[in-house]
2 protein chains.
Amino acid sequence: MSGWVAVAGLGPGAEMLVTPEVRAALAQATDVVGYIPYVARVAPRAGLALHPSDNRVELERARLALDLAADGKRVVVVSSGDPGVFAMASALFEALEGRDAAPEIRILPGITAMLAAAARLGAPLGHDFCAINLSDNLKPWALIEKRLRLAAEADFAMAFYNPRSKSRPEGFARVLEILREACGPDRLISFARAVSTPDEAIRTVTLAEARPEMADMRTVVILGNSATRRVGPWVYTPRSVP
Amino acid sequence: MSGWVAVAGLGPGAEMLVTPEVRAALAQATDVVGYIPYVARVAPRAGLALHPSDNRVELERARLALDLAADGKRVVVVSSGDPGVFAMASALFEALEGRDAAPEIRILPGITAMLAAAARLGAPLGHDFCAINLSDNLKPWALIEKRLRLAAEADFAMAFYNPRSKSRPEGFARVLEILREACGPDRLISFARAVSTPDEAIRTVTLAEARPEMADMRTVVILGNSATRRVGPWVYTPRSVP
């Protein structure tokens with residue numbers, strides 16, 4: 001039997017947002033590997049081994065998946081959202097470096113948090129935009145600040161992942177300061193928490209009104225560009241720039 | 001009977017990448033509105049009216065959807081990929097401006113082209129990135145050039161939609177020139193055409209090797225950042241910046 005690894009995106013939370021492709025991979029799997037709350041989303045069944053692991057051990061998790069596949073297992077590595085956006089796909093390829101043999105690998109896309117959030121809000125990412133991971137675990141904080149300033153100068157709408165954690169609560173306050181300075185107080189900013197789950201909460205305010213505690217690690221934050229506006233309960237970015 | 005509009009993302013092409021949520025909306029619809037090739041992806045059935053329309057009439061199409069919903073119809077506006085990324089969601093909200101009454105509106109996310117392409121390539125968007133529509137139908141060309149230069153300075157990976165059309169074949173050649181100048185000749189660039197369809201074609205080259213004719217309007221182009229590398233047949237961007 002030939003083993004394989006599929007790195008699968010479970011989407012933001014709702015079962016209705018899991019693709020049939022990911023469903024099919026899970027149905028064929030012998031092993032599921034991933035961060036504890038994502039593995040908890042997979043229904044247990046006979047013949048399926050679950051390997052939940054803690055946060056911040058992405059490389060070890062990727063190595064485990066490759067080792068299991070080398071032993072002939074059919075392994076699904078589960079990510080929330082899309083596996084290619086601040087999730088497990090890059091970690092898997094990092095773990096592959098220097099190995100002599102690779103199993104069959106497939107990356108199965110999913111609905112990433114910013115697109116689920118944008119859909120609930122309206123269409124704030126309807127024009128050119130960027131996605132920035134605000135965690136400085138794996139990059140220098142100065143690079144985050146530089147990217148924020150350049151993205152503001154480019155007038156990109158911006159989606160922020162991992163805006164705020166207990167270990168660095170001050171970082172997001174600084175992000176809001178920089179954005180207020182670069183984009184002005186009236187720019188719209190939306191906080192979308194746990195979209196498509198029972199804990200979903202959505203709010204849109206101006207940068208002047210934004211407070212760090214409006215975000216936590218389950219929140220994706222979307223900043224409009226200079227043209228982003230409200231219509232009724234919706235927030236959208238027009239397609240055109242005059 | 002109360003009408004509604006759902007703007008739904010059909011994903012990049014494969015049925016296995018259509019979410020159950022979008023499937024369910026199509027099953028409840030009385031009317032489907034969209035660009036001809038996207039409406040062609042919806043199976044005809046008794047009681048379902050199909051309203052295909054040509055390219056570049058997004059606002060008229062959005063108005064039709066709102067009018068049908070005002071008449072009590074259950075309308076699905078179909079987009080390729082995700083409706084919020086260079087697709088119909090923004091057009092719908094533009095069409096809503098100035099109307100006295102709005103029907104129930106839902107935006108149903110889908111797998112957008114860049115994430116389907118990234119999954120096939122490996123994980124080129126595994127670090128901070130931006131998405132730029134290279135069509136200058138709705139924005140000045142100078143703004144595209146400005147955004148390219150700032151995105152390069154920020155060292156974003158970049159995904160380009162609508163890279164090349166018959167009406168402006170010279171634009172993408174200019175984009176490649178700017179990127180070569182800003183990112184150097186060795187930067188990896190991937191061309192992903194019609195991902196997940198029978199016409200799928202994928203290739204990765206350096207900027208020095210890239211030619212405008214490697215892209216057409218069915219291609220999404222992904223440029224790596226300065227750390228993007230190959231491992232085996234894969235292209236990925238490491239999660240960390242030292």
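## A salt-bridge and backbone tour

Start with A:Arg120, which is partly exposed at 35% relative accessibility; buried means under 20% relative accessible area, exposed over 50%, partly exposed in between (1.4 Å probe, protein chains only). This is a predicted model, where local features need pLDDT of at least 70 and side-chain atom pairs pLDDT 80 or more, while totals for chains, interfaces and linings use all residues. Residues count from 1 along each chain as written, chains are lettered from A, and side-chain values use heavy atoms, without hydrogens and water.

A salt bridge here is a side-chain nitrogen of Lys or Arg within 4 Å of a carboxyl oxygen of Asp or Glu. The two sit 80 residues apart, A:Glu200 in the loop between β9 and β10 and A:Arg120 in helix α5 (residues 113-121). Helices (H or I, at least four residues) and strands (E, at least two) are DSSP runs, numbered from the N terminus.

Stay in that β9–β10 loop and pick A:Ala194. Its phi is near 50 degrees, positive in a non-glycine residue, and A:Ala194 is buried at 7% relative accessible area. Most residues other than glycine have a negative phi.

Next, show chain B and select A:Glu94 with B:Arg239, a salt bridge at 3.1 Å between the closest N and O atoms. A:Glu94 lies in helix α4 (residues 88-96) of chain A and B:Arg239 after β13 (234-236) of chain B, so this pair joins two chains. Both residues are buried.
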